[in-house]
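Let's take a friendly walk through this fold, starting with its strands and then turning to its helices. Please keep the sequence and the 3D view at hand as you read.

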Amino acid sequence: MVIGVDGGNSKTDYFLFTNEGKMISHIRDGTCSHERLKDSFDGSLRIIKEQVDKLLKESEVSYKDLEVGVFGLAGVDTVSQKEAIEERLLKLGIKKIIITNDGFLGIKAVSESGVCSINGTGTVTVGIDPKGNQLQVGGIGDIVGDDAGGAFITRLIIRYAYSSVFRGEKKTKFTQEVLKLLGCEKDQTYLLDSISELYKKPVIHLSYIELLIKYAQIGDVVALKIVEHVTKETANSVVGCMNNLNFDPKDCDKVTVILAGSVWAKPKSDILRDAFKKHVNELTNMKIEYVTLIVPPGIGAVLWALEEQRGKCLDVALKDKIIKEMEIIYGS
């Protein structure tokens, strides 16, 4: 048996598969991220063990039957964090475990190697080269160039709107629409109040992203400035990840760059994706194959576990069968 775990900041999926690629059981639970739990890494172990215990009990399987476990976990950004959670999960008794940031699952869901740019609520760039070396770029905030993700883009949009009223930024129809979202289109005196109150309740980042795309498409100068900034920074991270891994043209004729997360995948407009690709192509001479991830990245955890157990790549027919089976689960 193998187990694949996709542990995000809001929910976690646990999958139990046979070595032949047949799904035995699945459980969906809340987050197991140490960053969201009061008891941190101990809390991650506590929750993961509770759910894996339940998964195995339902299937009448024991830990000694688990040959490989792949855990893609949000918040595992640094070596010390990886070591801390690995130390605890080794106590489960699974023969072999792989602990990684959940961003890496996006690569394994599509390819054996490549670079994945996550642009969802937050952002991170991860890469696996043809020799299996891994690298994470960013993931801990704008101090390391994480100038993307719905949360950051929303703040940047609001910053430009505020600056267009009280500072020296150009005022456009786009910024006027942002003021409307903030409820201050008629009386800008209360703009500072609206912004300070904004994060006392959940923010719908998609509303701001959709507005940005709408006005960028019609050439609004402020909207285009934000698109340019965000896509250039994400391109810098992707190319930096490539340059620090071994994507030697002798070993690979192209690099697969995977776009994952709601900001990349959900908009029907290509304006963000096209601007990003333009910047990547300007920064590297490598041949790039771009893939927008439409399958759930957690699929990568199971595929990875099965590859580790077999010691080789899965054949296309088996991989497609597993993807289709898991897509049903994720869609439920």
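## A strand covered on both sides

Strand β7 is covered on both faces: Thr-123, Thr-125 and Gly-127 on one side, and Val-124, Val-126 and Ile-128 on the other, are all buried. Buried here means under 20% relative accessible area, with exposed over 50% and partly exposed in between (1.4 Å probe, protein chains only). Six of the six residues of β7 (residues 123-128) are buried, so the strand is largely enclosed by the rest of the structure. Strands (E, at least two residues) and helices (H or I, at least four) are DSSP runs, numbered from the N terminus.

Before going further, a word on the source: this is a predicted model, in which local features need pLDDT of at least 70 and side-chain atom pairs count only at pLDDT 80 or more, while totals for chains, interfaces and linings use all residues. Residues are numbered from 1 along each chain as its sequence is written, and side-chain values use heavy atoms, with hydrogens and water left out.

## Partners of β7

Which strands pair with β7? On one hand, β6 and β7 pair in the antiparallel sense over six bridges; two strands count as paired if DSSP finds at least two bridges between them. Thr-123 in β7 is the bridge partner of Asn-119, and a hairpin of three residues joins β6 to β7.

On the other hand, four bridges join β7 to β8, and these strands run antiparallel. Here Thr-125 has Val-137 in β8 as its bridge partner. The hairpin of β7 and β8 has five residues between the strands, and Gly-132 takes a positive phi near 90° in it.

Is Gly-138 buried or exposed? At 19% relative accessibility, it counts as buried. Leaving aside neighbours within four places in sequence, Gly-138 is in contact with Val-124, Val-144 and Asp-146, where contact means heavy atoms within 4.5 Å. Gly-138 and Thr-123 are 15 residues apart in sequence, and their C-alpha atoms are 7.9 Å apart in space.

β9 pairs with β6 in the parallel sense over four bridges, and Ile-118 stands opposite Ala-260 in β9. Five bridges join β9 to strand β10 (residues 288-292), again running parallel. In that pairing, Thr-256 stands opposite Glu-289 in β10.

## The five-stranded sheet

An open sheet of five strands has the order β3-β2-β1-β4-β5, with mixed pairing. Its edge strands are β3 (23-30) and β5 (96-101), each pairing on one side only. The twist averages 10° from one strand to the next.

Within this sheet, six bridges join β4 (residues 68-73) to β5, and the two run parallel. Gly-69 stands opposite Ile-97 in β5.

Now to α4, which is mostly covered: 12 of its 17 residues are buried. Among the buried residues are Phe-152, Leu-156 and Tyr-160. What covers the buried residues of α4 includes β6, α5, α6, α7, α8 and α9. At 1.5 Å a residue, the 17 residues of α4 should span 24 Å, and its end C-alpha atoms are 24 Å apart, which agrees; the expected span is 1.5 Å times one less than the number of residues.

α4 and α7 pack at an angle of about 60°, with their axes 9 Å apart. Axes are lines fitted to C-alpha atoms, for helices over the stretch in contact, and angles run from 0 to 180 degrees between N-to-C directions. The two helices are therefore oblique to each other: angles under 35 degrees count as roughly parallel, over 145 as roughly antiparallel, 65 to 115 as roughly perpendicular and the rest as oblique. Residues of α4 including Gly-150, Ala-151 and Ile-153 take part in the meeting with His-205, Tyr-208, Ile-209 and Leu-212 in α7.

The axes of α4 and α8 come within 11 Å and cross at roughly 145°. Here Phe-152, Ile-153, Leu-156, Ile-157 and Tyr-160 in α4 meet Val-222, Lys-225, Ile-226, His-229 and Val-230 in α8.
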